[in-house]
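Read them beside the structure.

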Amino acid sequence: MCRSVWTICNTRKIVRAAKDLGFTEIIEVALGADAAARHEAEMFPQLVPEKQPFLGTSCCPSWTMTAKKFFPDLYQYISSSNTPMVETAKAIKRRSPSGKIVFIGPCISKKIEAMEEDVRPYVDFVITYEELAAIFVAANIDVAEITEDEIVADASTKGRNFAYASGVASSVKASIEQAHPGLEIPTHNANGLADCRKMLAMAKAGKFNGYLLEGMACPGGCVGGPGTMLPIEKGEKEAKDFAKKSPYSDVFKNPFLE
């Protein structure tokens, strides 16, 4: 049953199953990724290189915690953008202040992030894909056999690309260059905390001045998170295929962003 949830079922079936559990609405967390990319598209040219040597992305809480712990002098150069989870939750709370929000994803660091004082008002619960599959089993919901729901489409291709390694940097880079024609932004990405620490050490040595730096704690990015149920390669392929199906090609065309 758990295997079939992710290897046989599609997004529409999982959305239907979640609603059968009692969820009122399913919103793509990539909506928050679009918001973060927009924010960083404005931040980068204002800050780099005049006020700081580089800008680090902020979508992965484990990466930012690593920067804060081991390179506190560089932590200030991490983007002030909210993570996609928080940005999406804030958007929902603006629309439905009394709503209860559950983040469902592959990341266990989101459980820690949700307990932070400034995040707690927006995110009520965090569960992984593995935990969701277990809930389906407990509720006797056979996702493989369930009727499909409408497709979720709250995010652009660029926002959906945040799910895999290098996707964040490439999406933010494209957004910066779209918002500021003529700029060419060099990028570098690291996935896995050892690689993240190596990248920060190189940044401290001045190797990445003028760069946009992407850090991902999990190998392969979010698709390799500990709460997922697919091999990394398959997860990345599914994420890329899903991203291509978005009706919005870039973050500036997403009508759901305020």
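This is a predicted model: local features need pLDDT of at least 70, side-chain atom pairs count only at pLDDT 80 or more; totals for chains, interfaces and linings use all residues.

Residues are numbered from 1 along each chain as its sequence is written, and side-chain values use heavy atoms, with hydrogens and water left out.

Q: Which element gives the largest share of the lining of the second largest pocket?
A: The second largest pocket holds about 440 Å³ of space. Of its 21 lining residues, the closest to the centre are T64, Y75, T83, E113 and E116. Elements giving two or more residues are α4 (61-70), α5 (84-95) and α6 (109-113). The largest share, four residues, comes from α4.

A pocket is an open set of points on a 1 Å grid over the protein atoms alone, where a 1.4 Å probe fits, with protein on both sides within 12 Å along at least five of seven lines; lining residues have an atom within 4 Å of a point. Helices (H or I, at least four residues) and strands (E, at least two) are DSSP runs, numbered from the N terminus.

Q: How many residues apart in sequence are the parts tied together by the pair of F54 and Y77?
A: F54 and Y77 form an edge-to-face aromatic pair, 5.4 Å centre to centre with 75° between the planes; ring centres must lie within 6.5 Å, and planes over 60 degrees apart count as edge-to-face. F54 is buried at 1% relative accessible area (buried is under 20%, exposed over 50%, partly exposed in between, with a 1.4 Å probe and protein chains only). F54 lies in the loop between α3 (30-47) and β1 (55-56) and Y77 in the loop between α4 and α5, so the pair ties together parts whose separation in sequence is 23 residues.

Q: Is N140 buried or exposed?
A: Most residues other than glycine have a negative phi. N140 is not a glycine, yet its phi is positive, about 60°. Its place is the loop between α7 (129-138) and α8 (157-160). With a relative accessible area of 71%, N140 is exposed.

Q: What is the relative accessible area of S166?
A: S166 also has a positive phi, near 80°. S166 lies in the loop between α8 and α9. S166 is partly exposed, at 34%.

Note on methods:
Grid points are joined across faces, edges and corners, and a volume is the space filled by probe spheres set on the points. Rings of Phe, Tyr and Trp (its six-membered ring) pair if their centres lie within 6.5 Å; planes under 30 degrees apart count as stacked, over 60 as edge-to-face and the rest as tilted.
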